[in-house]
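Here are a few friendly notes to read alongside the structure.

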Amino acid sequence: MDNLFYKFYNKTINERREILKSLNLLSEIKVLENETANLMIENYIQNYQIPLGIAMNFEINNEKILIPMAIEEPSVVAAASNGAKILGNIKTEMIEKAVIGQIVLYDVKNVKLSLERLKQHQQEFIEMAKEKSQNMIKRGGGPKKIWFEGFEIEKFVTLYLSVDTCDAMGANTINTILEHISQRVCEIAGADYILRIISNNATESIVSAKASIPILRLNKDVDVAKVIAKKIELATKYASLDPYRASTHNKGIMNGVDAVVLATGNDWRAVEAAAHTYAARSGQYKSLTSWIYDEDKEELVGEIEMPLPVATLGGTISIHQIANWSLNLMNNPSSKKLASIIAAVGLAQNFSAVKAIVTEGIQKGHMSLHAKTLAKQAGANENEIDEVVKKLKSKGKINIDEAKLILDNLRNK
Ligand code: MEV
């Protein structure tokens with residue numbers, strides 16, 4: 001199978017599709033039907049399309065896996081694939097996956113007393129929550145725990161509930177449960193609620209992914225490799241000191257994360273909200289990854305830890321044909337496995353970005369991929385694009401004026 005995908009990026013679109021067909025990974029090109037899309041949102045007009053590609057070279061927990069990515073930024077799929085090649089086997093872990101919701105009571109006369117009363121009725125609330133999650137319970141999930149917090153000065157009391165929603169995203173389930181138990185919660189606490197809703201601070205859906213890179217994979221020259229490893233470590237350390245850099249560092253991670261989240265029909269706003277909240281959990285916004293150069297083992301060790309509240313069942317996923325295809329390409333993973341895959345992509349994406357930044361800079365790779373867009377923008381047709389791109393790269397001037405000039409010369413030859 002590896003041979004079939006060798007230099008996949010150099011093949012034509014049709015050749016790529018034929019390879020997937022030969023492996024039963026593609027039967028026909030799917031489209032999001034108007035009728036389906038019209039069910040998804042109000043006032044539907046047409047689809048907004050984004051390129052869908054496949055990231056290569058990923059090995060996660062000793063399993064080779066093709067990963068679908070939906071993204072418009074030119075260098076992302078290439079960077080993920082290159083990163084994965086260097087990272088080798090990525091080990092992941094996800095201990096639990098649960099969705100959290102909250103009921104917030106306001107104007108609470110006696111915060112301490114309300115908290116005490118609520119705690120005494122904890123089991124009753126769990127039982128009530130179970131009434132509204134029978135299907136989840138049958139699938140092995142359901143309500144897990146309840147806890148409380150008082151905000152004395154502002155007179156708020158909050159009930160938090162976590163629910164194992166199995167492979168579903170679970171927003172509807174948790175919101176239904178919260179609405180079901182809120183009246184009883186108010187009676188016990190002697191106060192009214194102001195809101196009852198899911199929390200996107202997904203602290204019970206944390207995934208980690210780790211890779212150890214023998215430094216000779218960074219460069220054939222061991223001394224150069226050591227410098228690169230050290231610089232990647234330093235750049236990551238810096239990201240945890242300066243939010244200006246941490247924001248960009250994490251944006252690089254989210255390039256990969258969002259692309260898979262989108263390709264699989266998941267809610268990328270929820271994933272973004274969770275990721276950035278987690279990055280700021282210490283009170284300062286920090287990097288989601290760490291890279292450490294182990295001098296004794298001559299290895300660069302990278303780790304990502306982040307929340308990934310993703311689903312493989314229900315909602316948009318069940319009706320979106322392309323999301324279905326994407327999941328199928330990955331052998332229909334469970335939601336925990338999907339989260340692990342996404343974390344691995346985030347790690348590889350971050351590695352490639354930081355490595356590029358501390359060595360040749362990001363523009364070389366980025367502009368070389370951007371050359372295709374420029375050639376098209378200059379008016380090149382399918383037969384002319386490759387030639388224009390080649391000349392743009394060899395001249396080292398990658399801009400629209402140059403692309404137009406090259407195209408003119410080509411046509412007037
Ligand atoms: C560009 O989309 C993402 C990067 O800026 C990430 C980073 O700086 O680490 C390259």
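1. Start with α9, which gives the most to the shell around the ligand, with six residues. Helices here are DSSP runs of H or I with at least four residues, strands are runs of E with at least two, and both are numbered from the N terminus. The elements giving two or more residues to this shell are α9 (243-263) and α13 (335-358).

2. A word on the model before going further: this is a predicted one, where local features need pLDDT of at least 70 and side-chain atom pairs count only at pLDDT 80 or more, while totals for chains, interfaces and linings use all residues. Residues are numbered from 1 along each chain as its sequence is written, and side-chain values use heavy atoms, with hydrogens and water left out.

3. Which residues surround the ligand? They are E73, R245, T248, H249, K251, G252, N255, A353, I357 and I362, where a residue counts if one of its heavy atoms lies within 4 Å of the molecule. By class, this shell has three nonpolar, four polar and three charged residues. Nonpolar covers Ala, Val, Leu, Ile, Met, Phe, Trp, Tyr, Cys and Pro; charged covers Asp, Glu, Lys and Arg; the others, Gly among them, are polar.

4. An N or O atom in the side chain of E73 is 2.6 Å from an oxygen atom of the ligand. For R245, a polar side-chain atom lies 2.7 Å from a ligand oxygen, and for N255 the corresponding distance is 2.9 Å. Taken alone, the ligand exposes 300 Å², and the protein buries 83% of that; these areas come from the Shrake-Rupley method with a 1.4 Å probe.

5. Next, please find Y285, in the loop between α10 (268-279) and β9 (289-294). Is Y285 buried or exposed? Y285 is buried, because its relative accessible area is 18% and buried means under 20%. Leaving out residues up to four places away in sequence, Y285 touches A239, P243, A246, S247, N250, H276, A279 and A280, with contact meaning heavy atoms within 4.5 Å.

6. Two of these neighbours also make polar contacts (N or O atom pairs within 3.5 Å, one able to donate a hydrogen and the other to accept it). The side chain of Y285 is joined to that of H276 at 2.6 Å and to that of N250 at 3.0 Å.

7. Finally, the layout: the chain is divided into domain 1 (50-94 + 206-360), domain 2 (99-199) and domain 3 (365-412), with bounds from an automatic or database assignment. Taken over C-alpha atoms, the centres of domain 2 and domain 3 are 59 Å apart.

Notes
Buried means under 20% relative accessible area, exposed over 50%, partly exposed in between (1.4 Å probe, protein chains only).
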